Amino acid sequence: MSTPGRDERRFISGVVEGFYGRPWTMEQRTELFKREHQWGLNTYLYAPKDDYKHRMYWRDLYSPEEAEQLVALISAAENHQVEFIYAISPGLDITFSNPREVGALKRKLDQVKQFGCRSFSLLFDDIETEMCPADKKAFSSFAHAQVAITNEVYQHLGDAKTFLFCPTDYCAAFCNPNVSQSSYLQTVGEKLLPGIDILWTGPKVVSHKISVESIEEVTAVLKRAPVIWDNIHANDYDPQRVFLGPYKDRPTELLPKLRGVLTNPNCEFHLNFVAIHTLATWCKSSATEGRTDVELGYSPQEALTLALSDWLQEFMSTDQPGGACRLARLKKDLSEEEPMQTDASESPHVPGPGENPLYTAEPLTSEDLNLLSDLFYLPYEHGTTARVMLEELDWLKNHRPAAAAQTEEWCGRAARFDGMCESVVQMFNRLSNAPNRSVLYDLYNYICDIKSGVGLARTYVKTLGGQDQPSAQILTDDPEPWGFRGGLSGEFQRMLPGHGNRDLFKHPPMTAVYCVRPYCTEDRAVVQKIFKEMQLEGEGQRPLQTKLISDGLSLGEIPPSPQCALVVEDDVGVCGYALGLTDAKQAAGMEQRPGSDALLKDYPSLVVVQALPRVTDPVPVKRMVTQLLSSIRNSGSRGVFCELRHHDRRMLDFYAKLGPFKAVPADHSFPQDTITMATQLQ
């Protein structure tokens with residue numbers, strides 16, 4: 001049921017600055033008012049969680065300097081026909097039954113009223129629900145305590161244009177046992193004065209969808225239509241996510257069922273263009289006369305396209321909010337200093353013959369912004385391009401046998417994936433050169449992170465297809481920091497059961513499973529194939545210049561010593577091997593290897609290790625080497641060496657990072673295209 005006269009009030013639409021983190025600046029808020037007025041929104045709710053006089057030190061009055069800023073801000077909102085609602089959040093430590101606490105709350109709001117504010121809000125979200133002993137004696141429930149103080153403050157203010165109340169149970173997920181049977185909501189609905197509106201986030205804190213039925217249910221309990229505090233674009237809970245998709249999954253049939261909608265968007269002010277623009281488009285729709293969204297012209301994709309078109313103009317503009325004022329101040333400051341030494345006659349640089357051309361930035365395109373939105377879409381949904389990239393990567397990974405066979409389908413899909421990765425790189429480059437640096441700086445960490453992640457996936461696919469040698473990047477347990485997603489929080493999450501179960505892509509790429517087992521006679525052919533494939537990869541079609549002792553071992557011409565031969569398998573088949581000779585002296589004689597006596601005296605045993613590029617995890621290869629060295633040590637050997645060609649950078653890097661193997665100084669008798677590495681075993 002609705003209170004008489006309530007429905008004649010205008011629909012509340014706009015923005016709540018209600019996130020955790022650095023509050024927006026006064027300049028940014030003023031720019032927000034301009035945008036709201038331009039796009040047809042009418043409300044701003046001031047509720048930054050980390051403005052300490054809003055929440056933590058709510059009792060403290062504002063200083064003269066702070067008061068001056070708030071007066072200017074409230075005036076700016078009024079000038080742009082935006083209703084400024086001042087919110088205060090005393091729930092962290094207020095004692096509801098203490099009259100002095102109530103008095104402090106009234107004094108604070110009276111001060112803000114003197115600044116010109118006529119609309120207010122009391123917030124009791126995200127607080128402990130256990131009352132202190134004094135309040136337990138005075139009130140029968142937490143809801144009764146909150147309602148009592150809210151009603152008293154509302155009546156004290158007298159002529160508040162709008163007064164909002166945020167309950168502690170502000171979404172269906174918090175209600176016990178459910179919305180319709182919640183004693184907390186029932187008390188709020190029955191006892192809260194009818195002139196007070198109530199904030200509600202929907203089924204969850206961050207609601208995927210908000211249905212008409214769910215709003216009708218909560219309206220019946222609260223005895224008034226709620227104002228939606230919408231967290232669909234909020235990102236304060238995850239510093240790696242930002243949301244640039246459209247306002248969606250809220251049917252326009254909700255409009256006549258609600259008192260209003262306020263979006264609580266991304267922490268980064270300049271990244272909220274799409275969130276606020278598409279909300280404004282949604283609010284302009286009307287679900288009367290049984291018409292649908294499509295018939296009304298509201299479509300999330302169309303709203304997004306319109307917003308991105310306008311946002312592109314902002315990206316390309318150097319006339320940032322306050323830019324002219326800052327420039328004037330800069331000129332004034334410079335005028336008071338000694339003039340800078342310049343050469344007015346100096347002409348622009350023109351490259352000469354053979355010199356590097358001047359760098360020319362490619363302009364940002366609408367396709368770039370569409371891709372950007374797809375990559376950073378919404379909390380419960382990736383954009384189309386992001387979904388396709390995940391699907392392609394998953395398919396390419398799961399069809400590795402086709403990669404090994406270089407089938408037309410696999411190569412075609414790999415090329416398609418590579419093209420999409422290249423589009424991300426080019427998007428990053430063009431965004432980085434956009435004239436509006438304020439927007440770029442808010443965006444930079446996100447686009448840098450996605451470029452890095454896409455780059456790793458791109459390298460992995462090229463490795464599967466045999467197009468790249470990821471030696472120093474993938475086949476190592478000591479990558480550069482940019483080669484993995486780090487941070488203590490991420491490591492905690494990866495240790496928990498079910499990590500990744502909530503990924504939006506339901507079949508995320510998983511780490512390959514490898515099996516290390518003893519070498520058998522049937523493996524001889526595949527070991528030979530791996531050896532020849534890796535030599536051709538490094539040498540092209542040229543024949544090997546010098547035959548090494550280890551070549552005979554890999555080709556099966558020299559049998560490995562007992563218990564000194566291992567292979568590693570993945571789901572495709574054998575993908576690597578580790579072979580050893582406990583006594584390499586006889587093999588050295590067979591190969592007529594000069595200068596080997598001195599080496600064999602200290603390092604009598606030989607090992608050879610090789611793995612295909614698709615083995616991107618160094619752990620199974622290290623396990624083979626560890627087992628092989630253990631077997632050689634048990635045979636009584638005091639040292640072991642390996643022979644590597646200069647072109648085999650992947651295995652050279654592997655041995656270097658393995659630890660015990662060190663390069664042996666070479667003399668003229670050693671083959672010039674090889675490196676010998678060795679380690680002591682005893």
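I began with the second largest pocket, which is lined by 19 residues, with A404, K529, E533, L612 and R614 lying nearest its centre. A pocket, on a 1 Å grid over the protein atoms alone, is an open set of points where a 1.4 Å probe fits, with protein on both sides within 12 Å along at least five of seven lines, and lining residues have an atom within 4 Å of a point.

I noted that this is a predicted model, in which local features need pLDDT of at least 70 and side-chain atom pairs count only at pLDDT 80 or more, while totals for chains, interfaces and linings use all residues. Residues are numbered from 1 along each chain as its sequence is written, and side-chain values use heavy atoms, with hydrogens and water left out.

For the second largest pocket I found a volume of about 390 Å³, a volume being the space filled by probe spheres set on the grid points, which are joined across faces, edges and corners. I sorted its lining by class and got 9 nonpolar, 5 polar and 5 charged residues, where Ala, Val, Leu, Ile, Met, Phe, Trp, Tyr, Cys and Pro count as nonpolar, Asp, Glu, Lys and Arg as charged, and the others, Gly among them, as polar. Helix α18 (524-539) gives the largest share of that lining, 5 residues; helices (H or I, at least four residues) and strands (E, at least two) are DSSP runs numbered from the N terminus.

I turned next to the largest nonpolar core, which has 125 residues, and in which F84, Y86, W311 and L372 have the most contacts. Such a core is a set of buried Ala, Val, Leu, Ile, Met, Phe, Trp, Tyr and Cys residues joined through side-chain atoms within 4.5 Å, with buried meaning under 20% relative accessible area (1.4 Å probe, protein chains only). Helix α16 (residues 437-464) gives the most to this core, with 10 residues. A second, separate core of 53 residues includes Y514, V527, V640 and C642.

I then looked up an open sheet of 7 strands with mixed pairing, in the order β9-β10-β11-β12-β13-β15-β14; two strands pair if DSSP finds at least two bridges between them. Its edge strands, β9 (515-518) and β14 (662-663), each pair on one side only. Strands β10 (residues 565-569) and β11 (residues 574-581) pair in the antiparallel sense over 5 bridges, and I recorded G576 in β11 as the bridge partner of V568.

Technical notes. Buried < 20%, exposed > 50% of the residue type's maximum accessible area, 1.4 Å probe, protein only.
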